[in-house]
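Here is a brief report on one model. It covers a sheet, a helix crossing and the relation of the chains.

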2 protein chains.
Amino acid sequence: MPLELATIEHELRESPIRKIAALLAESKAHKDIISFGGGAPSLPPPHAVVDEIISSLKKDPFKSMSYTATKGNLSLREEICTDLKKYEKLSIYPVQICLTTGATGAIDLALESIINPGDEIILADPTYAGFPGPGIKERAKLKFIPTKWQENFEIKTELIENLISKKTKALILLSPDNPTGRVLSKETVRAVANFAEDHNFWLITDETYKDIIYEGKHWPAYTFAPENTLSVFTYSKSCSAPAFRLGYIYGPQKAIEAIAKLSQYVNLCPSNISQIGAEAFYKVKKQYLQKTVLPTYRKRMEVMGKMLKKHLPDAGFVKPHGAFYYFVDFSLYLRDLKLNEEKFSEKLLKEKHVVVIPGRYFGQSGRRHCRLTFVSEKESRIKEGIQRIAEFVKRK
Amino acid sequence: MPLELATIEHELRESPIRKIAALLAESKAHKDIISFGGGAPSLPPPHAVVDEIISSLKKDPFKSMSYTATKGNLSLREEICTDLKKYEKLSIYPVQICLTTGATGAIDLALESIINPGDEIILADPTYAGFPGPGIKERAKLKFIPTKWQENFEIKTELIENLISKKTKALILLSPDNPTGRVLSKETVRAVANFAEDHNFWLITDETYKDIIYEGKHWPAYTFAPENTLSVFTYSKSCSAPAFRLGYIYGPQKAIEAIAKLSQYVNLCPSNISQIGAEAFYKVKKQYLQKTVLPTYRKRMEVMGKMLKKHLPDAGFVKPHGAFYYFVDFSLYLRDLKLNEEKFSEKLLKEKHVVVIPGRYFGQSGRRHCRLTFVSEKESRIKEGIQRIAEFVKRK
């Protein structure tokens, strides 16, 4: 007889992110796949980062391979403080930073440090597929703010107000957003920060894409409500280094101490090799983003937008202001095809060898939409891919 | 007003492991410190491991830095299966392996996947300071099996029987043990495995030190009760690679699927760089352990044993059969000094510049004991350190 698992195991769904990975793995069986699927960066990390890791491993393999403090090396946390302070003249200290296993581990620790069973968490809908899981893990109740492309996926503050209750313990914001590309306005961030202060709940802000902005400006919530905000970051996208498995949380010192206490039992400490690489990143960060990352992704984003407009005129979408994705409403095409977007994605992959991600993986409001990543393929392949989708939807 | 944290934050103690780290950090202020403190390996990782990481980063930085599957790369999981199968002719498949953030992350995921609030976990006392925390995190009740050096720190099965209740969900075994150096006998492991099967609970076996054995043989519980066992491993000690932050769990496929589902929200995936290094380790593992690790540590272990016997004749201890530590009963000396072992450790550090770890950090039965690591210092320094302790205890 198989032994019993924890009850949360029955409530927790397989992460849609991994369904996506499975789709992509399957797609490799085909020869000429065009992937608008995953959210992995398509660039190598900066040379300086790789070189520093190699030189450190050669010079002192023992030290490079050692344990570090649970919060991470002080020298790296100092670099992080300098980077965060550039948005506003805030006082930010290394005791307010705890390194984590990417943004994934940061979200998990942030929620674990504040959520009691039965607490409520407010989320946007659609939202990153990695947010609901950690909430369920902590036995929280999830409440969603619906958004739509016709309103630029704007988070309407009056809708938030309706969801706030005495049990509200946290609200999660992601800007720039996955899957919608939305960059929150100063007004929205400030309004949400005010709610958090007035109703005494935590803001968890995921700033994974903070350096990947094409239009508008990043307004970090910590500049408005620093005592209520736990901000989450990662090196996976800006530094193109997912294998670092390195991110961090910035917040009030007392909360960071609580998070570090948890991290002792979850991570013990972050990888020293990754910390060595991350520290080297700050020397070249500005140049790498401005000369390599942003121009490359911006061109691809523009090409995809033009192609969508031209070849899929009945698709609904807005141009992303940041991050890696178009979130496209295929309702009119799906109605004609008599398919939901999940079946649509499957058939599109089988018949046209193009990978897109079904919108329902990102929430109820994602139905009849698909997420299309523009960072994985070169411009010519993006053109080809959208043309294939156009052929597919017009064929029937 | 500071915002509320989760209730578990108030129950969770700062890990004694980090108290140790703080002691060590403080100790660096002194010039001539001899450390019998931390449990970090004192050898660099094998050349072949470092070389493979460097060559992979040079050859294909993009691929080396990529995300991988949540469970880890198939090729590494195949190597792991081969390594585990050598103990018995078992069928072990890669679907039964999930890579984790070291043994720390493995213990945390294993418990999170099976424990409901109120479930009971049985542990040895003294035990590794990293075990109670994850139990408290899952809101479990902890029960302890006292052991003593006069009985070779043997885990008496009749004591386990008394602790088993309907709420028993897991029993944690660590062999070779930290802090006692105990290697469990075949009879004990089999008896505990039988209890788990008869009373329908999980065995969590931490095999961190499985390759570091000086006397006796390692008997993995999974050979006796494979359906009831989640076995936890790490590359931190055998491969001298703590900065990999890489370990793994082996268990029944259904449990591993559940663990991988959790890991999606805790780690997303293990570091590809670390996996590349770990895979290279299997090519040199046997030689590295037999030619470098075991001879180095065995010599230090023998020297410390002889010195303890000669210079601290009233200390109670048994020779460790594995791992990195002597767990020494200082009762007779402490009585004369009118100190508990925590104050003793503090004064010893201040006055003689020797670091030892207070036994209470490992549980109630650890009182009046100290843990002395023999892996951190060379033989001459071990001699010097024990002599300093002898001077300290005889002086008053």
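Which helix of chain B lies across E9 and E12 of chain B? Helix H11 (residues 272-311) does, and it runs at about 15° to E9(B).

## Basis

This is a predicted model: local features need pLDDT of at least 70, side-chain atom pairs count only at pLDDT 80 or more, and totals for chains, interfaces and linings use all residues. Residues are numbered from 1 along each chain as written, chains are lettered from A in the order written, and side-chain values use heavy atoms, without hydrogens or water.

## Sheet in chain B

The open sheet has 3 strands in the order E9-E12-E11, with antiparallel pairing. Pairing requires at least two DSSP bridges between two strands. E9 (325-329) and E11 (357-358) are the edge strands, each pairing on one side only.

E11(B) pairs with E12(B) (residues 369-373) over 2 bridges. Ile357(B) stands opposite Arg371(B) in E12(B). Helices (H or I, at least four residues) and strands (E, at least two) are DSSP runs, numbered from the N terminus.

## Helix crossing

H10(A) (residues 253-266) and H6(B) (residues 102-114) cross at roughly 95°, their axes coming within 7 Å. Therefore H10(A) is roughly perpendicular to H6(B) (65 to 115 degrees). Axes are lines fitted to C-alpha atoms, and angles run from 0 to 180 degrees between N-to-C directions.

Gln264(A), Tyr265(A) and Val266(A) meet Thr104(B), Gly105(B) and Asp108(B). Contact means heavy atoms within 4.5 Å.

## Chain relation

Key
Parallel < 35°, antiparallel > 145°, perpendicular 65-115°, else oblique.
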